[in-house]
Amino acid sequence: MAQQRALPQSKETLLQSYNKRLKDDIKSIMDNFTEIIKTAKIEDETQVSRATQGEQDNYEMHVRAANIVRAGESLMKLVSDLKQFLILNDFPSVNDAIDQRNQQLRALQEECDRKLITLRDEISIDLYELEEEYYSSSSSLCEANDLPLCEAYGRLDLDTDSADGLSAPLLASPEPSAGPLQVAAPAHSHAGGPGPTEHA
């Protein structure tokens, strides 16, 4: 009652009409259902024949069942009107519902952020381990492939050093064919003749 007194006159009148509709619909449902139960009773003596009475009772039950359905539809329409009234006029409740929904969404966002951070850390750790495994396997593979090449270079260096060692004494010793060329023939002098002549 305090809430109704705080409302404007138009809203209070609207709430009273809603209350009257609710009471009328419930009363209609109860009355029609009671009459259907009464009609279902079988009377021994009637002024009309049983067939006619049965048709009359059947028709009355259909009418009262239709009244019950109509009252139920009116109640559903009343519920819809009450929801619309609350949405349009009950601002504190709407604000509370919005705040509650915002809190739920924030909690869900924080949970998603925590899961994403955990997933990121796990992925970074796994990626680091995979990189270490990859580089270690690549380096070992390169060493295995480069080993014959290193041996080839080592052998080439050894051959070059041995060739240099053999060529050095040959350059130091005179060639055999150059010996007679360096030996000078004896000079013969003739009196009154020309100068000395060298014969190789």
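**Labels and their cut-offs**

Student: Why is K20 called exposed?

Tutor: K20 has 53% relative accessibility. Exposed means over 50% relative accessible area, buried means under 20%, and partly exposed lies in between (1.4 Å probe, protein chains only). With 53%, K20 therefore counts as exposed. Before we go on, a few ground rules: this is a predicted model, with residues numbered from 1 along each chain as its sequence is written. Local features need pLDDT of at least 70, side-chain atom pairs count only at pLDDT 80 or more, totals for chains, interfaces and linings use all residues, and side-chain values use heavy atoms, with hydrogens and water left out.

Student: What makes D24 and K20 a salt bridge?

Tutor: The closest N and O atoms of D24 and K20 are 3.1 Å apart. The term asks for a side-chain nitrogen of Lys or Arg within 4 Å of a carboxyl oxygen of Asp or Glu, so the pair qualifies. D24 itself is partly exposed, because its relative accessibility is 38%.

Student: How do you know that about one helical turn separates D24 and K20?

Tutor: They are 4 residues apart in helix α2, which means a separation of about one helical turn. Helix here is a DSSP run (H or I) of at least four residues, a strand is an E run of at least two, and both are numbered from the N terminus. Helix α2 covers residues 9-39.

Student: How do you know that R21 and D81 link distant parts of the chain?

Tutor: First, their side chains meet in a salt bridge, at 3.2 Å from N to O. Second, R21 lies in helix α2 and D81 in helix α3, 60 residues apart. As for cover, D81 is buried, because its relative accessible area is 12%, whereas R21 at 28% is partly exposed.

Student: Why do R120 and D121 count as a salt bridge too?

Tutor: Their closest N and O atoms are 3.5 Å apart. R120 counts as exposed, with 54% relative accessibility, while D121 is partly exposed at 34%. The structure holds 8 salt bridges.

Student: What makes L15, Y18, L75, L78 and F85 a nonpolar core?

Tutor: A nonpolar core is a set of buried Ala, Val, Leu, Ile, Met, Phe, Trp, Tyr and Cys residues joined through side-chain atoms within 4.5 Å. These 5 residues make up the largest such core. Helices α2 and α3 each supply at least two residues of it, and α3 gives the most, with 3 residues. In soluble globular proteins, nonpolar side chains tend to be buried together.

Student: Which residues is F85 in contact with?

Tutor: Setting aside neighbours within four places in sequence, F85 is in contact (heavy atoms within 4.5 Å) with K11, L14, L15, Y18 and D90.

Student: What makes L22, I26 and M30 a patch?

Tutor: Patches are made of residues with over 30% relative accessible area and no salt bridge; nonpolar side chains (Val, Leu, Ile, Met, Phe, Trp, Tyr) are joined within 5 Å, and like charges within 9 Å. L22, I26 and M30 form a nonpolar patch of about 260 Å², an accessible area from the Shrake-Rupley method with a 1.4 Å probe, where for residues only the protein chains shown count as cover. I26, in helix α2, has 41% relative accessibility and so is partly exposed.

Student: Why is A66 called partly exposed?

Tutor: Its relative accessibility is 35%, so A66 falls in the middle class. A66 sits in helix α3, residues 50-89. Its C-alpha is 9.2 Å from that of N32, 34 residues apart in sequence.

Student: How many helices and strands does the chain have?

Tutor: There are 5 helices and 0 strands. Of the 200 residues, 6% count as buried.

Student: Where does pLDDT stay under 50?

Tutor: pLDDT is the predictor's confidence in each residue, from 0 to 100. It stays under 50 over residues 1-5 and over residues 168-200. For residues 168-200, the model has 3 contacts beyond four places in sequence. The chain averages 75, and 64% of the residues score at least 70.
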